Every structure is written in structure tokens, then in C-alpha cells.
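Welcome! Let us walk through this structure together, one question at a time.

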Amino acid sequence: MWQLADKKYLSRLLLGTAQYPSLQILQDAIVASGAQLITVSLRRQISRETHQNDFWMAAKNLNCDVLPNTAGCRTAAEAVTLAEMAREIFQTHWVKLEVIGDEYNLQPDPFELVKAAEILTRQGFEVLPYCTDDLVLCQRLMDAGCRILMPWAAPIGSGKGIINPYALMTLRARLPEATLIVDAGLGKPSHAVLAMELGFDGVLLNTAVALAHHPVLMAKAFKDAVVAGRNAFCAGIMPERDFAHPSTPLIDTPFWHQEI
């Protein structure tokens, strides 16, 4: 069981709901992933008048908690307004906070992000900010009242995996009390394994599953990857060595066959 803020989940994999070939494949992928918390862009869904009710009903029938996000916002004011709307629509005080500052790599705007986080936490929201792997930014978000941080592994949708392992390792070491979820940039299950081996608490992804040739099978692969990575971290991974070390004891080996 995994404690996430004031809720408990079995799965440490969170799944987005965009770009899937069909509503049925989306539903099947979520089931295959074992995810119990799915993210939904309120702005994107409001802008789609067709099949909107079908989407909401599908999400409800999956018995998953919905985490609304503020994707598409460029300012703190926009994000706060959308979060307030989401609270009314979904009847939840949880929000994935996104405030984008650059159109090219969709990098979060650190200044507007912190500003929005401060406002929303004062209003009683459980704010899960999508941020970069910058340590100082993450510290400022925690100072603003965020208990859960969602640093990127790489730019959204890039599939590059963890491009700066050192930065993520630093976050885990320096912010032991924070819940850290790697969000954005993961492209294959091995990327999720590495994130979990680094000691992160969970993984959120969307494109890697939605754009796979077989999204349902890929969702299952990521489910297994997250479990494997978490188990490896909890088991304690052996340190790397710069030289060979025999795995078989030399006690019964004749001395003339042993290295001096």
C-alpha cells in the first residue's frame, strides 16, 4: 500500500488520458496498467463538445480517482482559475499544477508555478506541481506548501528517459520527506525501472503508452516495470565497482590457481 497525501493506493503508476486511438483502448490500457489515479486535462475536455459525456462516464466506470490538471495554462492566474473550476466539477481538492513557460520544450515557468502553488495551497488544494528537476525550485514549491512534487525526466512527450540522473538523485537525497513522482519524458519501461530504482515514489506517464503500437500491452509493461524498480530499490542495489570481483569463494581453490 502506498500513502499519497491523504489517500492510499496499491499502484505507483499514474496514467494520463490523452492521445489514445480510441476510448475503448484508453479504458483497456488503464485497466492493464493497474493505475488507480488518472490525470485529465480540464481545458482539453471542455474544448471537445463531442463525446465529452462518454469520456466522463468511462473515467467514472473505471473506479479510478481523477486528478485534474491545468495543462495549457501560461500564467498563475489562468492556472488558479482552472483549478477552481476543476474543484467544482470533479469535487476534489487535488490538482496537478501545470504552468508552461516555453512553447518549444514545454518547460514549466518556475516563477508563475510557485506563485500559483502559493495561492492554491492557501485555498486548501493538494497541489501536485509539474516542475523541472531544479533543486531550488523544488524547495520553493515545498515552502509554498506542496507535499508532492512531480519533476520531469525529460521534456513532455520526448521519450528520452532520464536525461539528468544526477539531478533526480540530488532531489531524492535532499528532499527525503517529499513524495517525488517522475512526470514527463519517459519513453519505455526501462526508464520507469530506473526512476523507481533511484528511490522515487511513483511514475506518471501518458505518451509512451498512448502512442505505442499496442497501448494495452505497453501499459502492462510499465506496470511490471514500476513494480520491478520499486522492489529493486527496497531490496538494496549493490554498489558499482570499477573492477571484477569473483562471485564464487576461493576457499577450496588450490593456491596455485589463486591470484597473488
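Q: Is Ala-219 buried or exposed, and at what relative accessibility?
A: The model is a predicted one, in which local features need pLDDT of at least 70, side-chain atom pairs count only at pLDDT 80 or more, and totals for chains, interfaces and linings use all residues. Residues are numbered from 1 along each chain as its sequence is written, and side-chain values use heavy atoms, with hydrogens and water left out. Buried means under 20% relative accessible area, exposed over 50% and partly exposed in between, with a 1.4 Å probe and protein chains only. Ala-219 therefore counts as buried, at a relative accessibility of 0%.

Q: Which residues is Ala-219 in contact with, leaving aside its neighbours within four places in sequence?
A: Look for Ala-219 in helix 10, residues 215-235; helices (H or I, at least four residues) and strands (E, at least two) are DSSP runs, numbered from the N terminus. Ala-32 lies 187 residues from Ala-219 in sequence, yet their C-alpha atoms are 5.9 Å apart in space. With contact meaning heavy atoms within 4.5 Å, the partners of Ala-219 are Leu-13, Ala-29, Ala-32, Ser-33 and Val-209.

Q: What share of the contacts in the chain with a separation of 6 or more comes from residues 24 or more positions apart?
A: The chain has ten helices and ten strands, and 48% of its 260 residues count as buried. For contacts with a separation of 6 or more, the share from residues 24 or more positions apart is 65%.

Q: How many residues of strand 7 are buried?
A: Strand 7 covers residues 126-131. Glu-126, Leu-128 and Tyr-130 point one way, while Val-127, Pro-129 and Cys-131 point the other way. In a regular strand, side chains alternate between the two faces of the sheet. Both groups are buried, and the count for strand 7 is six of six.

Q: Which residue in strand 7 is the bridge partner of Lys-96?
A: Strands pair if DSSP finds at least two bridges between them. Strand 6 (residues 94-97) runs parallel to strand 7, joined by four bridges. In strand 7, the partner of Lys-96 is Leu-128.

Q: Through which helix does the chain cross from strand 7 to strand 8?
A: Strand 7 pairs with strand 8 (residues 148-151) in the parallel sense over two bridges, and Tyr-130 has Met-150 as its bridge partner in strand 8. The β-α-β crossover between them is right-handed: with the strands pointing away from the viewer, the path from the first strand over the helix to the second runs clockwise. The helix on this path, residues 135-143, is helix 6.
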